[in-house]
Amino acid sequence: MTEPDRDPVDAIIDQWAAVRPDLDTRAMEVFGRVFRLSRAMGDAMEKAYARFGISRGEFDVLATLRRSGEPYTLSPRQLSATLMLTTGGMTGRLDKLERAGLLRRSPDPHDRRGLKVTLTEQGLRVVDEAVGAGLALQTSALSGLDDEQADRLADLLRKLLASTEAG
């Protein structure tokens with residue numbers, strides 16, 4: 001490996017090899033890079049969404065409603081389950097998004113105790129613009145890989161994710 005091909009994870013692996021040559025650090029090489037990539041892209045996505053007045057978490061709520069299809073309506077419980085959020089965490093996000101005019105809450109006509117959360121027209125515009133900006137950022141980050149490499153990486157990550165979620 002030439003020096004320009006090295007990254008900070010390589011330095012960490014070298015340090016471990018010097019003090020603990022008995023360790024198999026392959027997993028550290030993979031997950032160290034996954035964690036660093038996740039943090040870097042998460043920070044970049046946060047900045048991309050901030051241009052639209054929303055955070056990554058708020059984008060996730062809007063995007064979940066958008067992906068549900070017309071009429072872009074789900075219950076808070078459905079949103080919480082999809083996003084793996086507590087009801088308290090979901091309520092805070094919904095409050096902020098409703099104040100911003102990006103969604104509205106209304107009584108569920110089929111359940112007197114329930115609510116429905118629906119994207120507003122403004123919310124639909126914001127999420128459509130934000131998803132485009134985020135996807136452009138992600139596509140740019142993948143530009144160092146050709147299509148075959150990107151497909152292979154996606155397949156490998158899918159397999160790795162499945163193996164960690166199964167355990």
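Hi everyone, let's start with the sheet: 3 strands form an open sheet in the order E1-E3-E2, with antiparallel pairing. Strand E1 (73–74) and strand E2 (103–108) are at the edges with a single partner strand each, so one side of each has no neighbour in the sheet. Please keep in mind that this is a predicted model, where local features need pLDDT of at least 70, side-chain atom pairs count only at pLDDT 80 or more, and totals for chains, interfaces and linings use all residues. Residues are numbered from 1 along each chain as its sequence is written, and side-chain values use heavy atoms, leaving out hydrogens and water.

A word on terms. Helices (H or I, at least four residues) and strands (E, at least two) are DSSP runs numbered from the N terminus, and two strands pair if DSSP finds at least two bridges between them.

Now, how is E1 joined to strand E3? Through 2 bridges, with E3 covering residues 111–119. Thr-73 has Thr-118 as its bridge partner in E3, and Leu-74 stands opposite Val-117. On E3's other pairing, 6 bridges join E2 to E3, again antiparallel. A hairpin of 2 residues links E2 to E3, and Asp-108 stands opposite Asp-111.

Next, the helix across the sheet. Helix H4 (residues 76–83) lies across E1 and E3, at about 60° to E3; axes here are lines fitted to C-alpha atoms, for helices over the stretch in contact, and angles run from 0 to 180 degrees between N-to-C directions. Leu-79 touches Val-61, Thr-64, Leu-65, Leu-74, Met-90, Leu-94 and Val-117, not counting residues up to four places away in sequence (contact means heavy atoms within 4.5 Å).

Leu-79 also brings us to the core. The largest nonpolar core has 23 residues, and Leu-79 is among those with the most contacts inside it, including Ile-54 and Leu-103. Such a core is a set of buried Ala, Val, Leu, Ile, Met, Phe, Trp, Tyr and Cys residues joined through side-chain atoms within 4.5 Å, buried being under 20% relative accessible area with a 1.4 Å probe, protein chains only. Helix H2 (26–50), helix H3 (56–67), helix H5 (87–99), E3 and helix H6 (121–141) each supply at least two residues of this core. Which gives the most? That is H3, with 5 residues.

Last, the helix pair: H2 and H6 pack at about 145°, with axes 9 Å apart. Met-41, Ala-44, Met-45, Ala-48 and Tyr-49 of H2 meet Ala-130, Gly-134, Leu-137, Gln-138 and Ala-141 of H6. Thanks, everyone!

Key: Buried means under 20% relative accessible area, exposed over 50%, partly exposed in between (1.4 Å probe, protein chains only).
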